[in-house]
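User: I'd like to go through some of the labels used for this model and see what backs each one up. Can we start with the charged pairs?

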Amino acid sequence: MRRASPRSRWPSRWPGCGIRIPTDPDGALDRITGGQLRVGASASEGLVALEDGAVSGPLPDLVAAFADSRDATVVWTVGSEEDLVDDLEACTLDLAIGGMSEETPWVDRVSVTRGFDDLPGVDVGGVVFLLPMGENGLQAALETFLDEQSRAGSGAGR
């Protein structure tokens, strides 16, 4: 019996099956790499500012840095949290940001990252990002990126 490496209980690719874990049923991570990252933004004081059609603030800075790490261009959509959740469900967005916290009411409709307490430029704890259900590869890549930014302490937004 072959044992998994000590770093992971599961191999990242099952031999002979062509399956990657985590996976994206709609191929979001593969599609955005070298392409477009479709992001919804909802205004939230100190996190996301919307002015004259421009999206700015610590969370958009982090999203832009994540997109750069995937050689992707960010395409912004601005709306209310409910509108953005509808767009995530319809898979017309890859990610949504705003004042969402670990207490978000949207957990039954979309995937929610774990809460982040120490993101660069963010003064509140428990910030979460929303994604379409099942896009686990994208979520894992985003959470890994955000972990790296948290550890660096000098990432985007500072």
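User: What makes Asp86 and Arg109 a salt bridge?

Analyst: Bear in mind that this is a predicted model. The N to O distance between the two side chains is 2.4 Å, and the cut-off is within 4 Å, so the pair of Asp86 and Arg109 qualifies. Asp86 lies in helix H3 and Arg109 in the loop between S7 and strand S8, so the bridge ties together parts 23 residues apart in sequence.

User: Which other residue forms a salt bridge with Arg109?

Analyst: Glu89 does, with the closest N and O atoms 2.7 Å apart. Glu89 is in helix H3.

User: Why is Asp94 called buried?

Analyst: Its relative accessibility is 2%, and buried means under 20%, so Asp94 gets that label. Asp94 also forms a salt bridge with Arg38, at 2.9 Å between the closest N and O atoms. Arg31, Arg38 and Asp94 are linked in a network of salt bridges.

User: Why are H2 and H4 called roughly perpendicular?

Analyst: They pack at an angle of about 115°, with axes 11 Å apart. Roughly perpendicular runs from 65 to 115 degrees, so H2 and H4 get that name.

User: What kinds of residues make up the contact of H2 with H4?

Analyst: Among them are Leu62 and Phe66 of H2, and Leu142 and Phe145 of H4. The contact residues divide into eight nonpolar, two polar and no charged.

Key: Residues are numbered from 1 along each chain as its sequence is written. This is a predicted model: local features need pLDDT of at least 70, side-chain atom pairs count only at pLDDT 80 or more; totals for chains, interfaces and linings use all residues. Side-chain values use heavy atoms; hydrogens and water are left out. Axes are lines fitted to C-alpha atoms, for helices over the stretch in contact, and angles run from 0 to 180 degrees between N-to-C directions. Helices (H or I, at least four residues) and strands (E, at least two) are DSSP runs, numbered from the N terminus. Angles under 35 degrees count as roughly parallel, over 145 as roughly antiparallel, 65 to 115 as roughly perpendicular and the rest as oblique. Contact means heavy atoms within 4.5 Å. Ala, Val, Leu, Ile, Met, Phe, Trp, Tyr, Cys and Pro count as nonpolar, Asp, Glu, Lys and Arg as charged, and the others, Gly among them, as polar. Buried means under 20% relative accessible area, exposed over 50%, partly exposed in between (1.4 Å probe, protein chains only).
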